[in-house]
Amino acid sequence: MENKIVVVIPSLEPDSNFIDYIKNIKEAGADYMVIVDDGNKPIYKDLFKEVQEQGFIVLKHGVNCGKGRSYKTAFNYILCEMDDVDTIVTADGDGTYLPDDIINVARNSKEGTITIGCRDFNDEKIGGSTRHSNAVTSFLLKTLSDISMSDTQSSLRAFNRDLLPYMITVIGERYDYDFNMIFEKKNIVLQE
């Protein structure tokens, strides 16, 4: 049986490249795309309607609930409605991650493991504030839990279906969710 990949993207105020971006991810190898409209203003209604018309799954929050809640909404949907999905990968909707990188991280995912796609902090495109905040969270993670990671804030993460119940119960509704996913990891292996 073929490994089915679903890409989850929370979306708040997407830009004009959003539809092309998710199409490119699909073309790179995603079997499904679950987009969470995280309480967007009515001016985005037509864009999300077009996303649905393109065949993508759109889940909607009535108000902005945050990145963590968006993930949990999507993960619960996948757990309940998408029995054929084996691998779940999360990404941002702003084009931060290349479609091929998203699929590569998904394909490198293993059972009982969270696979994290790491950014190169020597890249000039990554701003100083991002470098600084990642250094702080990396230090905190190492100090509080003895976990060493080079990119604690990457949204590019993949895991297998077996971890969905854990992912739905991780504490955090907004950006704190990403850190808590790693910090609370229990017996889960982390792979960068």
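Analyst: Start with the surface of this predicted model. The chain exposes about 9,800 Å². Carbon and sulfur atoms supply 50% of that area.

User: And how much of the chain is buried?

Analyst: Buried residues make up 49% of the chain, which has 192 residues. A residue counts as buried under 20% relative accessible area.

User: How many helices and strands does the chain have?

Analyst: Seven helices and seven strands. From the N terminus on, the order is β-α-β-α-β-α-β-α-β-α-β-α-α-β.

User: What share of the contacts join residues at least 24 apart?

Analyst: Take the contacts between residues at least 6 apart in sequence. Of those, 73% join residues at least 24 apart.

User: Switching to charges. Which residues form the negative surface patch?

Analyst: Asp-20, Asp-46, Glu-50 and Glu-53. Helix α2, residues 45–53, gives the largest share of the patch, with three residues.

User: Where does Asp-20 sit?

Analyst: Asp-20 is in helix α1, which covers residues 18–28. Its relative accessible area is 46%, so Asp-20 is partly exposed.

User: Now salt bridges. How many does the structure hold?

Analyst: Seven. One of them joins Lys-41 and Glu-13. Their closest N and O atoms are 4.0 Å apart. Lys-41 lies in the loop between β2 (32–38) and α2, and Glu-13 in the loop between β1 and α1, so the pair ties together parts 28 residues apart in sequence.

User: Are those two residues buried or exposed?

Analyst: Lys-41 counts as exposed, at 51% relative accessibility. Glu-13 counts as partly exposed, at 45%.

User: What about the backbone of Glu-13, what is its phi?

Analyst: Phi of Glu-13 is near 55°. That is a positive value in a residue other than glycine. Most residues other than glycine have a negative phi.

User: Good to know. Which residue forms a salt bridge with Arg-69?

Analyst: Glu-173. The closest N and O atoms of Arg-69 and Glu-173 are 2.6 Å apart. This pair links distant parts of the chain, 104 residues apart. Arg-69 is in helix α3, residues 67–81. Glu-173 is in the loop between α6 (164–169) and α7 (176–183).

User: How exposed are Arg-69 and Glu-173?

Analyst: Arg-69 counts as partly exposed, at 29% relative accessibility. Glu-173 is partly exposed as well, with a relative accessible area of 32%.

User: And what links Glu-173 and Lys-72?

Analyst: Their side chains meet in a salt bridge, 3.0 Å from N to O. Lys-72 lies in helix α3 and Glu-173 in the loop between α6 and α7, so this pair ties together parts 101 residues apart in sequence.

User: Is Lys-72 buried or exposed?

Analyst: Lys-72 counts as buried, because its relative accessibility is 6% and the cut-off for buried is under 20%.

User: Last one. Which residues are linked in a network of salt bridges?

Analyst: Lys-67, Asp-92 and Asp-178 are linked in such a network.

Conventions
Residues numbered from 1 in each chain as written. Predicted model: local features only at pLDDT ≥ 70, side-chain atom pairs only at ≥ 80, totals over all residues. Heavy atoms only, no water. Patch = residues over 30% accessible without salt bridge, like charges linked within 9 Å, V, L, I, M, F, W, Y side chains within 5 Å. Areas by Shrake-Rupley, 256 points an atom, 1.4 Å probe, with all protein chains shown as cover. Lys, Arg positive; Asp, Glu negative; His and termini not counted. Charge placed at Lys NZ, Arg CZ, Asp CG, Glu CD. Helix = DSSP H or I, 4+ residues; strand = E, 2+ residues; numbered from the N terminus. Buried < 20%, exposed > 50% of the residue type's maximum accessible area, 1.4 Å probe, protein only. Contact = heavy atoms within 4.5 Å.
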